[in-house]
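Hi,

Here is the structure I promised to pass on.

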Amino acid sequence: MTFTSLWGRGTVAGLAASITILSTVAAEAKDWRGWNIHVEDYPVSHAMEAFMAEVTEKTGDDLKGEVFHAGVLGSQPDAIEQLRLGIIDFGVFSLGPMGQAVPETNVVSLPFIFKSVPQMHELMDGAGGEALAAAFEAKGIVPLGYYDAGARSFYNSIKPINSPADVAGMKVRVMNNDLFVGMIESMGGNATPMAFAEVYQSIKTGVVDGAENNPPSYESTNHFEVAQYYSLSQHLIIPECLCMSKKTFDALTPEQQDIVKEAGRNSTELQRKLWEEREIASMEVVKNGGVEVNEIADKSEFQAAMAPVYESFLADNPDMTDLVNLFRNAE
Ligand code: BDP
């Protein structure tokens with residue numbers, strides 16, 4: 001007996017075979033898609049690869065996936081939405097742009113909220129991370145660990161920045177989040193929210209005068225070639241999360257979930273080690289590349305100038321006062 005199927009004419013036996021093949025494919029877990037904005041040779045990238053490899057190995061190849069580096073799966077705000085929908089299964093996200101999707105995470109994007117990077121780790125591994133967990137979950141995101149992203153400082157193509165007055169009149173690129181626009185405006189600068197991938201050209205062509213980032217990102221993107229003044233204001237210490245889509249996570253067995261959590265912890269530990277090494281290496285690269293680096297020993301002028309960012313944030317989000325205080329008042 002013959003019949004016409006979607007695939008053309010065939011036999012009943014052939015149809016049965018096709019159905020078997022289709023159902024076998026459907027029963028197998030789909031390959032995970034990992035989103036990463038950074039180039040392949042970067043602490044985040046190596047740690048994400050290690051995470052996926054550990055999960056695959058410990059689940060006996062049941063869970064497999066690929067990390068897509070260099071933002072090829074889309075910009076960060078888009079990728080966060082895709083993570084929530086389960087189109088992207090995991091990724092490493094700065095909590096800067098995360099604030100648009102999970103507003104509570106905005107507290108870590110307040111300038112100078114952390115006293116130091118070690119304090120950031122302590123808080124995110126403990127009370128701070130716990131306080132944000134439910135907010136993430138409500139938005140369909142499961143944080144598995146907090147990576148290091150050091151401290152962000154200003155760089156530009158015009159002059160060294162020593163005080164907030166030096167930022168006045170400058171066109172500064174910021175990540176997508178109104179908080180950062182407010183931060184630049186509080187110093188009299190003009191903020192331009194823009195995707196990471198567009199910053200190099202924008203500085204080169206004078207669309208913006210500069211931006212702000214940590215040493216590894218300043219170096220790995222070659223922004224230092226077009227913005228040769230790096231002023232160590234260290235105004236933002238923003239953690240990054242290794243995050244999974246709740247859709248993907250919830251579909252796992254309890255054993256698989258444990259493996260994923262453990263791999264998340266291990267990859268976080270690895271990333272923090274790689275980060276320390278890369279920060280030092282990146283500073284060497286930019287200095288050798290002709291960058292003029294200036295320290296800003298006393299940051300109190302910057303702290304004072306950015307105080308209005310807190311005021312307007314608390315005025316807009318009175319319900320987050322306790323959360324802000326939890327971070328701000330921590331020792
Ligand atoms: C880097 C972060 C990355 C951000 C980028 C930016 O690791 O997630 O997208 O800064 O400035 O430090 O956009």
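Let me start with strand S7 (residues 152-156): five of its five residues are buried, so the strand is largely enclosed by the rest of the structure. Here, buried means that 20 or more other C-beta atoms lie within 10 Å of the residue's own, exposed means 12 or fewer, and partly exposed is in between, with C-beta atoms placed from the backbone. Helices (H or I, at least four residues) and strands (E, at least two) are DSSP runs, numbered from the N terminus.

Before I go on, please keep in mind that this is a predicted model: local features need pLDDT of at least 70, side-chain atom pairs count only at pLDDT 80 or more, and totals for chains, interfaces and linings use all residues. Residues are numbered from 1 along each chain as its sequence is written.

Back to S7. In a regular strand the side chains alternate between the two faces of the sheet. Both faces of S7 are covered, with Arg152, Phe154 and Asn156 buried on one side and Ser153 and Tyr155 buried on the other. S7 runs antiparallel to strand S11 (residues 229-236), joined by four bridges, and Phe154 has Ser231 as its bridge partner there. Four bridges also join S7 to strand S10 (residues 210-213), again antiparallel; in S10, Ser153 is partnered with Asn213. Strands count as paired if DSSP finds at least two bridges between them.

Asn213 turns up again around the ligand, where the residues are Ile37, Gln76, Ser94, Ala149, Met175, Phe196, Asn213, Asn214, Ser217 and Glu240. The criterion is a C-beta atom, placed from the backbone, within 6 Å of the molecule. Four of these shell residues are nonpolar, five polar and one charged.

Which domains does the shell draw on? At least three residues come from each of domain 1 (31-148 + 242-277) and domain 2 (152-237 + 280-328). Those bounds come from an automatic or database domain assignment. The two centres, taken over C-alpha atoms, are 24 Å apart. Across the boundary, 31 residues of domain 1 are in contact with 26 residues of domain 2, contact being C-beta atoms, placed from the backbone, within 7 Å. On the domain 1 side, the elements giving two or more residues are helix H3 (76-85), helix H4 (95-98), helix H5 (117-125) and helix H6 (127-138). That side divides into 18 nonpolar, eleven polar and two charged residues.

Next, a sheet worth a look. Five strands form an open sheet in the order S4-S3-S5-S12-S6, with mixed pairing. Strand S4 (65-68) and strand S6 (141-147) are the edges, each with a single partner strand, so one side of each has no neighbour in the sheet. Neighbouring strands are turned by 25° against each other on average, direction ignored. S6 and strand S12 (residues 240-245) run antiparallel, with six bridges between them, and Ile141 is partnered with Ser245 in S12. H3 packs on this sheet, touching strand S3 (32-35), strand S5 (90-94), S6 and S12, and its direction makes about 140° with that of S5. Helix H12 (residues 254-288) packs there too, touching S6 and S12, at about 30° to the direction of S6. Axes are lines fitted to C-alpha atoms, for helices over the stretch in contact, and angles run from 0 to 180 degrees between N-to-C directions.

Within H12, take a look at Gln271. Gln271 is buried, with 28 other C-beta atoms within 10 Å. Leaving aside neighbours within four places in sequence, Gln271 is in contact with Pro43, Val44, Ala47, Tyr147 and Asp148. Gln271 and Ser45 are 226 residues apart in sequence but 8.7 Å apart in space, C-alpha to C-alpha.

Asp61, in the loop between helix H2 (43-58) and S4, has a positive phi near 70° without being a glycine. Phe112, in the loop between H4 and H5, also has a positive phi, of about 60°, and is not a glycine. Are these two buried or exposed? Asp61 is exposed, with 8 other C-beta atoms within 10 Å, whereas Phe112 is buried, with 20.

Cheers

Terms used:
Nonpolar A, V, L, I, M, F, W, Y, C, P; charged D, E, K, R; others polar. Contact = placed C-beta atoms within 7 Å.
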